Amino acid sequence: MKIAVVGATGMVGQVMLKVLAERNFPVTELLPVASERSVGNKISFNNKEYEVIGLEEAVAQRPDIALFSAGGETSLEWAPKFAEAGTTVIDNSSAWRMHPEKKLIVPEINASELTSEDKIIANPNCSTIQMVMALAPLHKEYGITRVVVSTYQSITGTGVKAVQQLENEYKGEQGEMAYPYPIHRNAIPQCDVFEENGYTKEEMKLTNETKKILKDNAVEVTATAIRIPVVGGHSESVNITFSKDFDVNEVRCLLKEFPGVSVQDNTDVNTYPMPIYAEGKDDVFVGRIRRDLSQPNSLNMWIVADNLRKGAATNAVQIAEYLIDNKLV
């Protein structure tokens, strides 16, 4: 497999390379791709050095699969060019997620929708991925009617600039700001830009992408997304209303049995998911599972995952693995 990683020098691109190596992905030729200012730089993969190349050269080399994490504008311009050259693109930006002809894939949930004709495949938003991983088995069993989610999102979702801002603030140093306010000792109730309806783009991604992945527009989702000074991963407080009643122990069993979900839910010994333990892991961790005492057929959960791994890089690599395993590339 000739594999291109577009955005190889960025935070998600670096994790993509790490995940490809860890999972022994069958890379016979690697094409690390980045913007012109990074062309010629060296990156390391599986104890070998590779030179970063530009997008035009990468298209000309016709890779089998291109993993994109280079921003929406780059994806809109270049994903079709790779696709025309016969490459299957797995895109981590928001550019193609809600396109009616493009699949939005979380492999454990809906990889079976993929065919060899799908040349541009969308990777969902990080906060959506971890939430739908917990919702999918419960929706199948009980029928979800409504979801209320508040996210507590890692600064790594913003990128290197945000990590640098937090480090500068820890040290009491002035530096470039990724956010309009300090993030150290703070919580900023804004992830992405505000839309006309008063919600941020991040909040609307949770709403719209969840419906598409679950293939059910009747599922109502309302979200509040908050940035907090955490590095290890995103956390979500999720309240779910079902169309019928449930047993809490059965809910735990359904989640335990779902691939990629790990239940951490023993309040007797203070066991519950936290980003400090999710960092570097691929599972989605679920805990604080309890009945909502204020509403019928309703449940509360706490969901945590490493947003750079299952929320981005790992999910993309899993899609690529599915394509290879099922001879779709």
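A: Gladly, and a definition comes before anything else: helices (H or I, at least four residues) and strands (E, at least two) are DSSP runs, numbered from the N terminus. Please also keep in mind that this is a predicted model.

Q: Okay, which residue does UniProt list for "binding site"?
A: The UniProt record, an unreviewed entry, lists Arg97 for "binding site". Arg97 sits in the loop that runs between strand E6 (88–91) and helix H4 (107–110).

Q: Is Arg97 buried or exposed?
A: Arg97 counts as buried, because its relative accessibility is 5% and buried means under 20%.

Q: And what is Arg97 in contact with, leaving aside its neighbours within four places in sequence?
A: With those neighbours left aside, the contacts of Arg97 include Asn92, Leu104, Pro124, Lys205 and Glu209. As for Asn92, its backbone oxygen lies 2.9 Å from a polar atom of the Arg97 side chain.

Q: Let's move to sheets. In what order do the strands come in the open sheet of five?
A: The order is E2-E1-E5-E6-E7, and the pairing in this open sheet is parallel. Strand E2 (29–33) and strand E7 (120–122) stand at the edges with a single partner strand each, so one side of each has no neighbour in the sheet. On average, and with direction ignored, neighbouring strands of this sheet are turned by 15° against each other.

Q: How many bridges are there between E1 and E2?
A: Strand E1, which covers residues 2–6, pairs with E2 over five bridges in the parallel sense. To take one example, Ile3 has Leu30 in E2 as its bridge partner.

Q: Which helices go with that sheet?
A: Among them is helix H1 (residues 11–22), which packs on the sheet by touching E1, E2 and strand E5 (65–68), and whose direction makes about 155° with that of E1. Helix H3 (residues 72–84) lies across E1, E5, E6 and E7, and it runs at about 175° to E5.

Q: What about the sheet of six strands, in what order do they come?
A: That open sheet has the order E9-E8-E10-E13-E12-E11, and its pairing is mixed. Its edges are strand E9 (220–227) and strand E11 (261–263), and each of these has a single partner strand, so one side of each is left without a neighbour in the sheet. Neighbouring strands here are turned by 20° against each other on average, direction ignored.

Q: How do E8 and E9 pair, parallel or antiparallel?
A: E8 and E9 pair in the parallel sense, over eight bridges, and Val148 stands opposite Thr222 in E9. Helix H5 (residues 126–142) lies across strands that include E8, E9 and strand E10 (234–242), running at about 25° to E10.

Q: New topic: how many aromatic pairs does the count come to?
A: The count comes to six aromatic pairs. One of them is formed by Tyr152 and Trp302, a tilted pair with 5.7 Å centre to centre and 45° between the planes.

Q: Where do Tyr152 and Trp302 lie?
A: Tyr152 lies in strand E8 (residues 144–153) and Trp302 in strand E13 (residues 298–305), so the pair ties together parts that are 150 residues apart in sequence. Tyr152 is partly exposed, with a relative accessible area of 27%, and Trp302 is also partly exposed, at 23% relative accessibility.

Q: Which residues form an aromatic cluster?
A: Tyr142, Phe242 and Phe246 form one aromatic cluster.

Terms used: Residues numbered from 1 in each chain as written. Predicted model: local features only at pLDDT ≥ 70, side-chain atom pairs only at ≥ 80, totals over all residues. Heavy atoms only, no water. UniProt positions renumbered as here; feature names shortened; annotations may be inferred. Buried < 20%, exposed > 50% of the residue type's maximum accessible area, 1.4 Å probe, protein only. Contact = heavy atoms within 4.5 Å. Polar contact = N/O pair within 3.5 Å; in protein donor to acceptor, adjacent residues only side chain to side chain. Pairing = 2+ DSSP bridges. Axes fitted to C-alpha atoms, helices over the stretch in contact; angles between N-to-C directions. Phe/Tyr/Trp six-rings, centres within 6.5 Å; stacked < 30°, edge-to-face > 60°.
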